[in-house]
Amino acid sequence: MTTATVTRPDEEQAVQQGRAARSRRWRAGGRRELTGLLFLLPAIAIFGLFAWWPIVRGLIISFQRTDLMGTSEWVGLDNFEALFADPLLGTAVQNTLLFVGLGVLIGFPAPLILASILSTVRRLGGVYRFLVYLPVVIPPVVSVLLWKWFYDPGAGLFNELLGKVGLGPYPWLESPDTAMLSLVLESTWAGMGGTVLIYLAAMVGIPQELYEAAEIDGANLWQRIWHVMLPQLRTVIALLLLWQLINTVQVFTEPYVFTGGGPQNATTTVLLLIFRYGFQQGNYGQAAALAFLLALALALLSAVYLRATRSWSKS
């Protein structure tokens, strides 16, 4: 036997009032979201015009033969085939990987070590921080030209100082064996100031109780750094390492101003090769194709790296 549910008039009215109230809230929320979207539309349009459209346009150009002035001819994968047939591509990739490897080996631990030292300085700490950050505010081209004088084989500062102790002179930028190392040393000096300040800011957030507990347990300075400081900084270290990998893969100013890619193409990097294709040879399609492959490689690198280090931020 089925029992019918009887709704009293007052209950039915309350239900209808509740539905009407929810409907008004939904409409009000929809109006607020629409208003917010209208305010965001100019920013979205500007961002799309100056950020996403150049990416889409570059991808289109990679399948074309064009001088960017007249008509364009669709050539399909011809630009990519010509790119892989160029023997200089392998040299550029190898040089870029060498720069990345030397940059990680030299330029990655240097800011962390310097920040660890500065974190223990109590007197004139602000002055030292200013001096460390000073190279960052110097225009990159000015820094390169300054170091180019330092590297001068005849009257350069480095050979003058080394000559006083019976060393040198060294052909810093003139030898294929030392040119890339010279570029890495300058780029490390010019760019590590900001990284040092990031590390110092992260070190401030490490509880002093952890250091005191480790010291009570008999840990020396190295053990406190290894077992206390570095684990507390692992998330920052992981992000800065990814940042450095992306920046070093895109190195351009140093090889362009220092050596122009020489000697013997020993400092020709991928970005410098893109510049040559586009602005020296007028082959914009091939330049766009290489730029697209570089962007794709960086996206894959970032995805793999973030997935591999995902557990660092959770532990």
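Me: If buried means under 20% relative accessible area, what share of the protein's 315 residues counts as buried?

Reply: In this predicted model, 34% of the 315 residues count as buried. The protein exposes about 19,800 Å² in total, and carbon and sulfur atoms supply 67% of that area.

Me: And how many helices and strands are there?

Reply: The protein has 14 helices and two strands. As for contacts, among those between residues at least 6 apart in sequence, 63% join residues at least 24 apart.

Me: Which residues does UniProt list as transmembrane region?

Reply: The UniProt entry, which is unreviewed, gives residues 34-55, 97-118, 130-150, 179-204, 225-246 and 287-306 under that heading. Such annotations may be inferred rather than shown by experiment.

Me: What does the chain do in the model over 179-204, and over 287-306?

Reply: Residues 179-204 are 100% helix and 0% strand, with their end C-alpha atoms 38 Å apart. Residues 287-306 are likewise 100% helix and 0% strand, and there the end C-alpha atoms lie 28 Å apart.

Me: Switching to the surface, which residues make the nonpolar patch?

Reply: The patch covers about 860 Å² and is made by Leu124, Val127, Tyr128, Phe130, Leu131, Tyr133, Leu134, Val136, Val137 and Leu197. Helix 5, residues 125-137, gives the largest share of the patch, with eight residues.

Me: Take phenylalanine 130, then: why does it count as exposed?

Reply: Phenylalanine 130, which sits in helix 5, counts as exposed because its relative accessibility is 53%, and the cut-off for exposed is over 50%.

Me: What about phenylalanine 158, where is that and what does it touch?

Reply: Phenylalanine 158 lies in helix 7, residues 157-163. Leaving aside residues up to four places away in sequence, phenylalanine 158 touches Trp147, Phe150, Tyr151 and Trp172. With a relative accessible area of 21%, phenylalanine 158 is partly exposed. Its C-alpha is 9.1 Å from that of glycine 168, a residue 10 places away in sequence.

Me: What are the phi values of glutamine 264 and asparagine 265?

Reply: Glutamine 264 has phi near 55 degrees and asparagine 265 has phi near 60 degrees, in each case a positive value in a residue other than glycine. Glutamine 264 is in the loop between helix 12 and helix 13, and asparagine 265 is in that loop as well.

Me: Are those two exposed or buried?

Reply: Glutamine 264 counts as exposed, because its relative accessibility is 72%. Asparagine 265 has a relative accessibility of 29%, so it counts as partly exposed.

Me: Last one, helix 10: which of its residues are buried, and what do they pack against?

Reply: The buried residues of helix 10 are Arg224, Val228, Met229 and Leu230. They pack against helix 4 (109-119), helix 8 (179-204), helix 9 (208-216) and helix 11 (234-249). Helix 10 itself, residues 221-232, has 12 residues and reaches 16 Å from its first C-alpha to its last, which is close to the 16 Å expected at 1.5 Å a residue.

Notes. Residues are numbered from 1 along each chain as its sequence is written. This is a predicted model: local features need pLDDT of at least 70, side-chain atom pairs count only at pLDDT 80 or more; totals for chains, interfaces and linings use all residues. Side-chain values use heavy atoms; hydrogens and water are left out. Patches are made of residues with over 30% relative accessible area and no salt bridge: like charges are joined within 9 Å, nonpolar side chains (Val, Leu, Ile, Met, Phe, Trp, Tyr) within 5 Å. Accessible areas come from the Shrake-Rupley method with a 1.4 Å probe; for residues, only the protein chains shown count as cover. A salt bridge is a side-chain nitrogen of Lys or Arg within 4 Å of a carboxyl oxygen of Asp or Glu. Helices (H or I, at least four residues) and strands (E, at least two) are DSSP runs, numbered from the N terminus. Buried means under 20% relative accessible area, exposed over 50%, partly exposed in between (1.4 Å probe, protein chains only). Contact means heavy atoms within 4.5 Å. The expected span of a helix is 1.5 Å times one less than its number of residues.
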